[in-house]
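Please read it alongside the coordinates.

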Amino acid sequence: MNTSGSGEIVQFDNVGLRYGTEREVLSDVSFTLYPGSFYFLTGASGAGKTSLLKLLYLSQRPSRGGIRIFGTDAITMPREKLPALRRRLGVVFQEFRLVSHLSAFDNVALPLRVAGFAESEIAKPVADMLEWVGLADRMAARPATLSGGEQQRVAIARAVIGRPQLLVADEPTGNVDPDMAVKLLRLFEALNRLGTTVVVATHDVHLLKKVPDSLIMRLDKGRLSDPTGALKYPPRRSGAGPAGNPS
Amino acid sequence: MSGATQAELLPQARMAGPIPWVIAIMVMLMVIAVAGGLALRNVARSAANELSGGITVQLVEARPEVRNAQAKQAAQILSAMPGISHVAAVPQAEVDALVEPWLGGDIDEADVPVPAMVDARLDGKITPDRLTAIRNALRAKIPSARVDAQSSWLAPVFGAIASLQWLALALVLLLGLATASAVLLATRTALGSNRETIEIVHLLGGTDQQIARIFQRSTALAAAEGGVAGLAAAITVVVLIGRRFAGLGSGMAAGGTLGWLDWLIVAAVPLLGIALATATARWTVLRALERML
């Protein structure tokens, strides 16, 4: 894993973000994400969760402050280096952002195709992934014909198919039933155990209890608080397992 | 990504609608302009080759018997000069036919004396010095003899042909510019239609080059369709016009026939059109993507 010397996978330093001339939606945000940890990002609607995630998955540049991802300065990094960095990320967008004219199969296959995998290497893992999220019989369906929950599962399958080093999910269980929500969280945990750092934004407080070793970051009106000390201390790790909760 | 997968990824990148037709029309006009320019060049070359080294001696004398004797004498003088390969008196019937449009068919020698003419061909080019030497040699024996280089008569025609060739070149350049502009606008529209998908591909790690390749491919296909159609239409037009000119029976028009190299140049026009359209699409996409994160 190509992280900086101190082992962090993401480092935000006094980050501020404003859209146009509006007031800042994020102010003085500083935190560090460590490899193999599981983080929840919570906060009320409008607290700035999605904005923070946009900075994390390199869809937005901050108005001020510094961001390092995988040891690379994301602010000064040349544009042509962004794709390589983005291929190490998996993103579940809040509004799914599936490609409307592609089937569920092709949507999930997209990150692998973009990364240059041969078609022969794509078919089986994509089919397996869709089967795992319960969409084996909907592989050929276009997003418009899928329910909200099905679309969300396709979006999640697309985000994890490339085994990302950092998985960023914006309200990934918002449209699925409780059983499927737990199942999807188990998928995130499984990835986390394999070394993926997971950041899940949610306003569902019940979800936080489902992943006992998770760390919690809370956003309130664009400012970050630290109820579990996640931002102050590197997580304690037991063996190869997920991060421990220092609180 | 394979070509088919790329095409599926951004279906709106396909240059649908009028663009293949626009390219077809542009290619057709460019091919006609190029073919016209080449035909004019051939006409000029053929005429220049025919006339270079050619001189005409006019013998203006009212008395027919003296005029004919002068013509014979002029032919002898010219034949005896070095560097002159061919000398021939123009038959009187041919001279009469030349002046017939102006003077009518029944010319009375007593009223309108028609000059006798002697054509000669020099080895190599005519220079002012050679022309002066010939003039001096003839005028020493026949003071009324007038000597003209044939190419000098057609100098204004050559000038006009050269202007038309430049016009053809300017037309080709303007049509190329118009083609590039049409492709640029169509590519921008296609980019706008696919903005959401492009953003997703970017966020999944897709490169600008990958996205540009999709647009390049679809533009090349549209341009190829248009190019083939435009070339076929243009060749039909060129062949039909060529036949009409050939039917004129004019030696000068016949000189404009296109050779195999000319046809190769004509056939290369659609290829240049495809290359221009593809390069324009690539440039447009890359410029637009530079503004995206």
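**Notes on the predicted model**

1. Of the 247 residues in chain A, 47% are buried. The model is predicted, so these remarks concern computed features, given the pLDDT requirement of at least 70 for local ones.

2. Chain A contains 7 helices and 10 strands. Among its contacts with a separation of 6 or more, 68% join residues 24 or more positions apart.

3. Confidence in chain A averages a pLDDT of 85, and 89% of the residues score at least 70. Two stretches should be read with this in mind. Over residues 1-5 of chain A the pLDDT stays under 50, and the model has 11 contacts beyond four places in sequence for them. Residues 237-247 of chain A also have a pLDDT that stays under 50, with 31 contacts beyond four places in sequence in the model.

4. Chain B holds an open sheet of 4 strands, in the order β2-β3-β1-β4, with antiparallel pairing. Its edge strands are β2 (84-89) and β4 (145-149) of chain B, each of which pairs on one side only. On average, and ignoring direction, neighbouring strands of this sheet are turned by 20° against each other.

5. Within that sheet, β2(B) and β3 (residues 116-122) of chain B form an antiparallel pair over 5 bridges.

6. Helix α5 (residues 128-141) of chain B lies across β1, β3 and β4 of chain B. Relative to β4(B), helix α5 of chain B runs at about 165°.

7. Where do the two chains meet, and how many residues are in contact? On the chain B side there are 15 residues, in contact with 18 residues of chain A. Two elements of chain B, α1 (3-9) and α8 (195-203), each give two or more residues to the side that touches chain A. The most comes from α8(B), with 4 residues. By type, the residues on this side of chain B divide into 7 nonpolar, 7 polar and 1 charged.

How values were computed:
Residues numbered from 1 in each chain as written. Chains lettered and ligands numbered in written order. Predicted model: local features only at pLDDT ≥ 70, side-chain atom pairs only at ≥ 80, totals over all residues. Contact = placed C-beta atoms within 7 Å. Nonpolar A, V, L, I, M, F, W, Y, C, P; charged D, E, K, R; others polar. pLDDT = per-residue confidence, 0-100. Pairing = 2+ DSSP bridges. Axes fitted to C-alpha atoms, helices over the stretch in contact; angles between N-to-C directions. Buried ≥ 20, exposed ≤ 12 C-beta atoms within 10 Å, placed from the backbone.
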